[in-house]
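We will go from stop to stop, selecting a few residues each time.

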Amino acid sequence: MNITPDYLIERKRSKLQLAKWKIVSLILIIIIAIFAGKKSLGPDHFLSEKSPIMGDYIARLSFEEIIYDNLPRVKKIESLAEDKHIKALIIHINSPGGSVVGSEMLYNAFRKVAKDKPVVVVMDSVAASGGYLASLGADYIISHNGTITGSIGVLMQTAEVTELAEKVGITFNNFKSSPLKANPSFTEKLTPEAEQSMMDSIFDVYDYFTKLVAERRKLDIDFVKKIADGRIYSAKQALEYKLIDEIGNEDSAVKWLEEVKGIPAGLKVSEVKLNPREKFIDMLFDDLNSSIGGFFPAKLSGLKVIW
C-alpha cells in the first residue's frame, strides 16, 4: 500500500473528528446523569449552597473526621447564615480533634451562624480536643450517654532518629541561620532551647483553649485549668463539670430549639452537604479536562467545570 502524506493528514483529521464526537457524547451523558441525579437525590442531597427545600427547615451538618484547615468548607458554613429558610442549625460532631487552626476556623464559623440563628451541637461517639473546641461555637451542647469528650489540651509530636541513622552509616548535615530554625527535627538532637521554645508555643495555645472554655461555658478559669489536664470524660462527668448542657440526642436538640428559642414545631431537619460533588463526578470531569487539553486548541486546555 502506498502511504502518501495526504493520506496521513486525512487519517489524522478523521481521528480528531472521531475524538471530538466522543467527548461531545461524554458531555451529554454527564449532563443527563447530573439532571437525573438532582431529581433522584431529593432535598437531603443538593448541588448548590441555596436552600433545596420549599419553605422553612432546620439544617443539619455532620462532621465525622479529623479536623484540618478547610477554608472553602468554612465559607459554605458561614453562607448558611444568609439562607432565610434555615431557622436553626444542628451540628453533629464525631471527631477526636485535629489541627488547632482548623478547629478554630470551625468555631468561628459556628459563631458567625449563631449571630443570625440558634446553633446546637450534638456530640456523637467522640468530640475531644479540637472536636470539643469547635463545639464551643454552639449555643447549646448535647452529648449522648456514651460520648467521649474532653481531652482539653495541646499536643505536638515529633521523632528524632539520629542514633538510628548513625548505626546504618547515615549522617545528617543541617545548615541554618540559627539553632532554633527547624528544631525540633528528626535529623538532629532536641536542644533545651528548642524544647523551651516549643513548650512556650504550646502553652500559648493551651491558654487560648482554656480561656475559650471558661468564656463559653461560664466557668472559672482556675477550675477549667484543673479539669483541662488532657483526660477524657464520660457524658455524666462532662455534664457535672458543665462542659455540656444536656445528655440526649437530636430529638433533644429539636425540643430545645422549639421550647427555648421559639423555633416553630414540626420543621423538617434536613442534611446539608458541604461537599455536594460525588467523587465519580469529579473523576469524570478530571478525565474530560485532560481529554479536552489533548484534542482541542491550547486556549481551551484550561477548561474547568465550576460548581
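**Stop 1: an aromatic cluster**

Select Phe223, Tyr233 and Tyr241. Together they form one aromatic cluster. Rings of Phe, Tyr and Trp (its six-membered ring) pair if their centres lie within 6.5 Å; planes under 30 degrees apart count as stacked, over 60 as edge-to-face and the rest as tilted. By this rule the count comes to six aromatic pairs.

Before the next stop, a word on the model. It is predicted, so local features need pLDDT of at least 70 and side-chain atom pairs count only at pLDDT 80 or more, while totals for chains, interfaces and linings use all residues. Residues are numbered from 1 along each chain as its sequence is written, and side-chain values use heavy atoms, with hydrogens and water left out.

**Stop 2: two ring pairs**

Select Phe172 and Phe186. Their ring centres are 6.0 Å apart and their planes meet at 80°, so this pair is edge-to-face. Where do Phe172 and Phe186 sit in the chain? Both are in the loop between α5 and α6, 14 residues apart. Helices (H or I, at least four residues) and strands (E, at least two) are DSSP runs, numbered from the N terminus.

Now colour by accessibility. Buried means under 20% relative accessible area, exposed over 50%, and partly exposed in between (1.4 Å probe, protein chains only). Phe172 is partly exposed at 31%. Phe186 is partly exposed too, at 47%.

Go back to Phe223 and Tyr241. Their ring centres are 6.0 Å apart and their planes are at 65°, so this pair is edge-to-face. Phe223 lies in helix α7 (residues 221-227) and Tyr241 in the loop between α8 (235-240) and β7 (246-247), so the pair ties together parts that are 18 residues apart in sequence. Phe223 is partly exposed, with a relative accessible area of 30%. For Tyr241, also partly exposed, the value is 24%.

**Stop 3: strand β3**

Select residues 119-128. This is strand β3, and nine of its 10 residues are buried, so the strand is largely enclosed by the rest of the structure. Which strands pair with β3? Look for β2, β4 and β5. Two strands pair if DSSP finds at least two bridges between them.

- Find Ser95: its bridge partner in β3 is Ala127.
- Met123 has Ser143 in β4 as its bridge partner.
- Three bridges join β3 to β5, and the two run parallel. Ala128 stands opposite Gly150 in β5.

Now show the helices. With helix α3 (residues 100-114), β2 and β3 make a right-handed β-α-β unit. With helix α4 (residues 130-135), β3 and β4 make a right-handed β-α-β unit. A crossover is right-handed if, with the strands pointing away from the viewer, the path from the first strand over the helix to the second runs clockwise.

**Stop 4: backbone details**

Select Asn183 and Pro184. A cis peptide bond joins them, with omega about 15°. Pro184 is in the loop between α5 (162-167) and α6 (192-217).

Move to Ala182, in the loop between α5 and α6. Ala182 is not a glycine, yet its phi is positive, about 55°. Is Ala182 buried or exposed? It is exposed, at 54% relative accessible area.

Ser151 has a positive phi of about 50° and is not a glycine. Its relative accessible area is 21%, which makes Ser151 partly exposed.

**Stop 5: Ser252**

Select Ser252, found in helix α9 (residues 250-260). Ser252 counts as buried, at 13% relative accessibility. What does Ser252 touch, not counting residues up to four places away in sequence? Ile142 and Glu246. Contact means heavy atoms within 4.5 Å.

**Last view: the whole chain**

Zoom out. The protein chain has 10 helices and eight strands. Of its 307 residues, 37% count as buried.
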